[in-house]
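Open the structure in your viewer and keep the selection panel at hand. Each stop below says what to select and what is there.

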Amino acid sequence: MIGDVIKNNYDYTTSGREKIPLMIEQKNRAIIVGTGMATPKRILTNSELEKIVDTSNQWILSRTGIRERRILEDDHGCSDLAVEAAMVALREAGLEVSELELIIVSTVTPDYPTPSTACLVQDKLGARNAAAFDLSAGCTGFVYAMASAQGFISSGVYSNALVIGAEVLSRVTNWNDRSTCVLFGDGAGAVVLQKGDSGRGIIDFSLKSDGGGAELLYIPAGGSRKPASEESVAKHLHSVRMNGNEIFKFAVRVVDNVLEELLTRQGIKAEMLDYLFLHQANERIIEHIRKSIHLTPEKVPINLDRYGNTSSASVPMIMHEEAAAGRLKKNDLVALVAFGAGLTWGGVLLRW
Ligand code: COA
């Protein structure tokens, strides 16, 4: 099954919303007041992978840009990484845990099918006043979660939110499949959002989906359609299956489209962006997009050489690295854009 976005080459720049000049009123904007990240200590290099599957450092580096990735130790789960990242973000925000009203965890690799990883995070943090839920939108999950938190904050119901992208993809990797096992890694990134009226914060967002492409990137078993069985385990149906070529073409097209939609709607030229934080899936995808909109490498940072593709953790992780290094500055104009399983894709435009 191939999604409409691939079959029909739809132009997603025209959503009918571009005539509305300002999407989120200044007084309702969610501002990022703290960032954090966490990665496991264990590093898995390309040369180690050469001993596991028929691959080479040269192939992985030239096709993806990845040199190494992190692997979470046994007996740990997604919530452990999520909590570690959250604590860094909360410390920077200077927010008491009891002030948190909402926790959203974006993940495709939760600790358990149920309850949500967000509830485990809520408990471990002791955030007794927070609502908590998980969100599943593949590698676009963090962008979806940011937009969702903005929605809660705009509603006036909540003022303080914790948004986390956390993944343990090593647990859903088929280590016999060289076309996927070289790509993924484990990690978590977190932000604390607070309502503010300074003109900073989330200006606009755009979220997209095309479930017609669901089977281009999916985990076939373990859900209600095909519960775990001896056969599903033997056939590796609990790990990620991907049509890499189709996902590559999809990514290149939709990232351009969603970015153009946001910039056009807000009357912003691409060169006015101080940062474009792109989902870290493949260096060739990132570089293709960066060059197509004529941004310098400093404005479109890359860290997937060190972490691989960490799905919905990748955008908050790279954002945290730039913020922690002091390069990302107050009032910088920033776009976050991601794409992934679903199919889903989307972007958030904000003033730092
Ligand atoms: N090591 C060595 N050879 C490999 C390999 C590996 N790890 N993985 C695949 N190959 C081989 C293939 O078997 C194929 O061999 P063949 O020509 O003899 O059949 C050859 O390399 C080319 O494979 P192909 O899939 O066409 O390579 P590619 O240049 O498209 O790169 C990806 C593959 C997966 C790196 C690339 O398609 C990609 O990055 N896609 C997007 C994936 C993505 O972003 N996913 C996450 C979305 S959130």
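Predicted model: local features only at pLDDT ≥ 70, side-chain atom pairs only at ≥ 80, totals over all residues.

**First stop: a strand and its neighbours**

Now widen the selection to residues 201-209, strand β8. Strand β8 pairs with β13 in the antiparallel sense, over 8 bridges.

Next, select F339 and W345. W345 is the residue of β13 that bridges to F339. Show β12 and β13 together: the two run antiparallel and are joined by 8 bridges. Their hairpin has 3 residues between the strands. Click on G342 in this hairpin; its phi is positive, near 145°.

Is β13 enclosed or open? Select residues 344-351 and colour by burial: 7 of the 8 residues of β13 are buried, so the rest of the structure largely encloses this strand. As you turn the view, remember that side chains in a regular strand alternate between the two faces of the sheet.

Stay in β13 and pick T344. T344 is buried, with a relative accessible area of 8%; the cut-off for buried is under 20%. T344 and S209 are 135 residues apart in sequence, yet their C-alpha atoms are 4.3 Å apart in space.

**Second stop: the ligand**

How many residues surround the ligand? The count is 23. T55, R63, R178, N245 and N282 are the closest.

Which kinds of residue make up this shell? By class, 10 are nonpolar, 9 are polar and 4 are charged.

- Zoom in on R178. One of its backbone N or O atoms lies 2.9 Å from a nitrogen atom of the ligand.
- Move to G244. A polar backbone atom of G244 is 3.0 Å from a nitrogen atom of the ligand.
- Go on to N245. An N or O atom in its side chain is 2.8 Å from an oxygen atom of the ligand.

Taken alone, the ligand exposes 960 Å², and the protein buries 73% of that.

Next, colour the elements around the ligand. Each of these supplies at least two residues of the shell: α3 (57-64), α7 (178-181), α9 (244-266), α10 (283-292) and β12 (333-340). Which element gives the largest share? Highlight α9, which contributes 4 residues.

Then colour by domain. Domain 1 covers 2-18 + 201-301 + 327-351, and domain 2 covers 27-196. Each of the two provides at least three residues of the shell around the ligand.

Select residues 141-154, helix α6, and find Q150 in it. Is Q150 buried or exposed? Q150 is buried, with a relative accessible area of 1%. A polar atom of the Q150 side chain lies 2.8 Å from the backbone oxygen of N28.

**Last stop: an enclosed helix**

Select residues 314-324, helix α12. Here 10 of the 11 residues are buried, so the helix is largely enclosed by the rest of the structure.

Finish at G326, which follows α12 and has a positive phi, near 80°.

Definitions and conventions: Residues numbered from 1 in each chain as written. Heavy atoms only, no water. Near = heavy atom within 4 Å. Polar contact = N/O pair within 3.5 Å; in protein donor to acceptor, adjacent residues only side chain to side chain. Areas by Shrake-Rupley, 256 points an atom, 1.4 Å probe, with all protein chains shown as cover. Nonpolar A, V, L, I, M, F, W, Y, C, P; charged D, E, K, R; others polar. Domains from an automatic or database assignment. Buried < 20%, exposed > 50% of the residue type's maximum accessible area, 1.4 Å probe, protein only. Pairing = 2+ DSSP bridges.
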